Amino acid sequence: MNIADMVQAGSVLSPLHVQNKKQLLTEIANALASAAGVEPRPVFEALLQREKLGSTGLGQGIAIPHGRVAGLSKVHGVFARLSHPIAFDSTDGEPVDLVFALASPPQSGADHLTALARVSRLLRDQATLSKLR
């Protein structure tokens with residue numbers, strides 16, 4: 001699974017102007033829903049439920065919110081570069097400015113984990129982070 005398989009041209013939000021985590025998740029849910037052809041509310045609720053389990057803010061200004069959403073046939077992704085960093089309850093306490101969100105079908109166990117691993121690996125590369133910023 002390649003990043004290009006998950007992210008469509010219209011699924012890159014840069015710069016994204018948001019004030020807080022809830023507004024960010026709303027914008028991300030709208031973009032994921034549009035790309036997947038589903039309603040945004042279930043996507044938002046899936047992302048919010050996952051955040052309640054623990055923040056998906058990994059540190060170094062990066063977050064990977066994700067959730068499983070009924071009605072999807074494959075993994076969909078959205079990348080956002082925020083116009084200014086926002087608080088995200090990240091593991092290092094630093095604000096987030098780069099977000100890669102994923103929405104997967106409920107039955108996509110291996111695909112979901114593979115997508116998360118691929119995005120995580122990509123965002124650990126300092127050269128890639130510099131280019132994205």
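1. Helices here are DSSP runs of H or I with at least four residues and strands are runs of E with at least two, numbered from the N terminus. On that basis A87 is found in the loop between β5 and β6. The model is a predicted one, in which local features need pLDDT of at least 70 and side-chain atom pairs count only at pLDDT 80 or more, while totals for chains, interfaces and linings use all residues. Residues are numbered from 1 along each chain as its sequence is written, and side-chain values use heavy atoms, with hydrogens and water left out.

2. A87 has a relative accessibility of 63% and therefore counts as exposed (exposed means over 50% relative accessible area, buried under 20%, and partly exposed in between, with a 1.4 Å probe and protein chains only). Leaving aside residues up to four places away in sequence, A87 touches K21 and P95, where contact means heavy atoms within 4.5 Å. L122 stands 35 residues from A87 along the chain, and the C-alpha atoms of the two are separated by 22 Å.

3. The loop between β5 and β6 also holds D89, whose phi is near 60°, a positive value in a residue other than glycine. At 60% relative accessibility D89 counts as exposed. Q60, in the loop between β2 and β3 (62–63), likewise has a positive phi, near 55°, without being glycine. A cis peptide bond, with omega about -10°, joins S14 and P15, and P15 has its place in strand β1 (residues 12–16). As background for these entries, most residues other than glycine have a negative phi, and most peptide bonds are trans.

4. How do helix α2 and helix α3 pack, and at what angle? Helix α2 (residues 21–36) and helix α3 (residues 40–53) pack at an angle of about 135°, with their axes 8 Å apart; the axes are lines fitted to C-alpha atoms, for helices over the stretch in contact, and angles run from 0 to 180 degrees between N-to-C directions. The two helices are therefore oblique to each other (under 35 degrees counts as roughly parallel, over 145 as roughly antiparallel, 65 to 115 as roughly perpendicular, and the rest as oblique). The contact draws on residues of α2, including L25, I28 and L32, and on residues of α3, among them V43, F44 and L47. By class, the contact residues divide into 10 nonpolar, 2 polar and 3 charged (Ala, Val, Leu, Ile, Met, Phe, Trp, Tyr, Cys and Pro count as nonpolar, Asp, Glu, Lys and Arg as charged, and the others, Gly among them, as polar).

5. T56 lies in the loop between α3 and β2 (57–59) and is buried, with a relative accessible area of 4%. Not counting residues up to four places away in sequence, T56 touches R50, E51, I62, A63, I64, P65, H66 and F88. S108 and K74 are 34 residues apart in sequence, yet 7.8 Å apart in space, C-alpha to C-alpha.

6. The structure holds 1 aromatic pair, formed by F79 and F100, which is tilted, at 6.5 Å centre to centre and 55° between the planes (rings of Phe, Tyr and Trp, the last by its six-membered ring, pair if their centres lie within 6.5 Å; planes under 30 degrees apart count as stacked, over 60 as edge-to-face and the rest as tilted). The pair links distant parts of the chain, with F79 in strand β5 (residues 76–86) and F100 in strand β6, 21 residues apart. Both F79 and F100 are buried.
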